[in-house]
Amino acid sequence: MHLADWKGPPLHRWPGQQVIAVVQGQAAGRVEFYLHPDELALEVAGLNVAPDFRRLGLASQLMDHLLETYPRAWVNHGGRSVDGAQWWDEYRDPTPDRNIHNRPPSDWATYFHAPSVAADRVRNRERNKWYGLDGHRTAEYRYGERLEEEFQRHASHFEPDSGVPRADPSRQQLYAADIVVLPPGLHRYVHDPARDTAERARVLLEYVGHGNLPRSSDYTGYWNTSEQAAFTDAWLSHLFQEAPCTSPATHLVYQAQPLDADPDSLPQLVASMGWVDFKDTEDVSVDLSGMSWRSTTDLTTQHRIVFDSPVPAAIAPDAPQDASRQYRARYDELGMLRVPSETIPAPEPFEDRREEIMERAQKVIRDGSHRSTQAAARPQPAPPASGHSQHLGNPPPGPGTPDHQGPRL
Amino acid sequence: MSSSPSAPAHTRVTLVGPPEAVGQLMEALSGKAEVRYDSRSDPDDRGQVTCTAEVLTMAAPQEVPADAVVTFAVQALIDVDLTEREDHAPGQASHQVAEEATTLLRGVRGSSDVEARVVSSRPARAPRP
């Protein structure tokens, strides 16, 4: 069982979490919930088990694990689906005293909107009635009675604001994950700690394309307030993919500086408590302040770099026709930089020794000329039996190398 | 789980607006669906109320076998003289009227799971000059 962030509806008053059952590397089921920051209340949002793992008691194990993880929390099980009502009827609630359906609203009404809880209970009762289920009715507070009057009296006690601010891209560094499958040579290179980290980061970014930073998909491409949350996105994406990829992949996390915009002119976005989802169909310019990555074959080893100066990049437009004029000027239709970064002159490392080096070079040329003159006067030696070529070393594989092909997950 | 005959569909309805308008809309809704829950807040600073309701609809008219337990949704109109009651305020009275109607309906032979609710209230007669 694994506890992880859950990117549920972003406007919910509490952050989303989930317990995931992993069986032999496969996601077998999960329970999604919202957790109050004080961890004294949680609201179950969904409980799902993959078809291959049903009728094994996994849903109950997931719920048990959730209740054990937060032993002091009020639990709102919410309204149930048809399958949910059937499951609940067979489930043995280990902590009925924390189930708010079993307690009067005076106990928990600061955490939950009492009239909505009562409406959920009415729905559950109707389902029980229709399908002939008991639904633990004897444990439930005032089961089958009219709840409107009592529960409405407690509506004003509800405190929807938990005090946790929503993510703000104009003030916070944000982190987004992507998963890339690199050609084998490039994969080895970027995960080789003996190689220069800055160079590996440069190669990675050029391979992906500066204008190809991710947009939200099922799991990745959300811009989180922590690096760990972004890596979790990548892990979840891998865990829940329907056709597991046989090649090793790279979890790549981009770190973006706060957007250079006042809050009123930000791109269209939805902000949750721990993440932002850019909804603008147009591209979004960002300045990268760093990157980190790890291989799916070794999730414990992370490579990380903080750039000396911000690297301009962009979240890709939703579709090529949505690209802004600035984006089209800077990136091609594949999101690659039109002007490679190599054309930007690097500072000369030996500038302060220019004169000394020039002097030595002149001496080497003079000496060489002198030796050539002397040698011309002597008979020529036979050429060596085998050639001796200068070892230049292999350049790192990059976008220009022939194996620069590979799907992004 | 079997779904024959078709299971009722549950819909959560939230209405926010002037009390009269919310009342009219809920009344209209009750003509199309079974209102199973109807909770209304007191008017806020702007005079608006919030109504949280749970309504139930059937996909299509269902054939009822003679030996089945049948849910009847009964529309009843009752004129009540509030001056003859202790619960003079209309809000209080509607709750009590629903309670008393439920008690009376429990007298229907073979009945179980009886519930009555006030969907709307209005003056019964034209104002006297």
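Between chain B and chain A, 11 residue pairs are in polar contact, both residues of each pair being at pLDDT 80 or more. A polar contact is a pair of N or O atoms within 3.5 Å; within protein, one must be able to donate a hydrogen and the other to accept it, and residues adjacent in sequence count only if both atoms are side-chain atoms. On the side of chain B that touches chain A, β1 (9-17), β2 (34-40), β3 (49-57) and α2 (90-105) of chain B each supply at least two residues. Helices (H or I, at least four residues) and strands (E, at least two) are DSSP runs, numbered from the N terminus. The largest share of that side, five residues, comes from β2(B). By class, the side of chain B that touches chain A has nine nonpolar, nine polar and eight charged residues. Here Ala, Val, Leu, Ile, Met, Phe, Trp, Tyr, Cys and Pro count as nonpolar, Asp, Glu, Lys and Arg as charged, and the others, Gly among them, as polar.

This is a predicted model, in which local features need pLDDT of at least 70 and side-chain atom pairs count only at pLDDT 80 or more, while totals for chains, interfaces and linings use all residues. Residues are numbered from 1 along each chain as its sequence is written, chains are lettered from A and ligands numbered from 1 in the order in which they are written, and side-chain values use heavy atoms, with hydrogens and water left out.

The contact (heavy atoms within 4.5 Å) takes 26 residues from chain B and 22 residues from chain A. About 2,100 Å² is buried between the two chains, and carbon and sulfur atoms give 52% of this area. Buried area is the accessible area (1.4 Å probe) that two parts lose on being put together, summed over both. Six salt bridges are found across the interface of chain B and chain A; the rule asks for a side-chain nitrogen of Lys or Arg within 4 Å of a carboxyl oxygen of Asp or Glu. B:Glu115 and A:Arg125 meet in a salt bridge at 3.3 Å, N to O.

Chain A has 10 helices and 12 strands. Of its 409 residues, 47% are buried, where buried means under 20% relative accessible area, exposed over 50%, and partly exposed in between (1.4 Å probe, protein chains only).

The structure holds 13 aromatic pairs over all chains. Rings of Phe, Tyr and Trp (its six-membered ring) pair if their centres lie within 6.5 Å; planes under 30 degrees apart count as stacked, over 60 as edge-to-face and the rest as tilted. Two pairs are set out below.

| Pair | Centre distance | Plane angle | Type |
|---|---|---|---|
| A:Trp14 and A:Tyr111 | 6.4 Å | 75 degrees | edge-to-face |
| A:Tyr219 and A:Phe240 | 5.4 Å | 15 degrees | stacked |

A:Tyr219 lies in the loop between α7 (197-208) and β7 (223-224) of chain A and A:Phe240 in helix α8 (residues 227-240), so the pair ties together parts that are 21 residues apart in sequence. Both A:Trp14 and A:Tyr111 are buried. One aromatic cluster is formed by A:Trp14, A:Trp108, A:Tyr111, A:Phe112 and A:Phe151.

A:Glu39 is not a glycine, yet has a positive phi of about 60 degrees. A:Glu39 is found in the loop between β3 (26-35) and β4 (41-49) of chain A and counts as partly exposed, at 41% relative accessibility.
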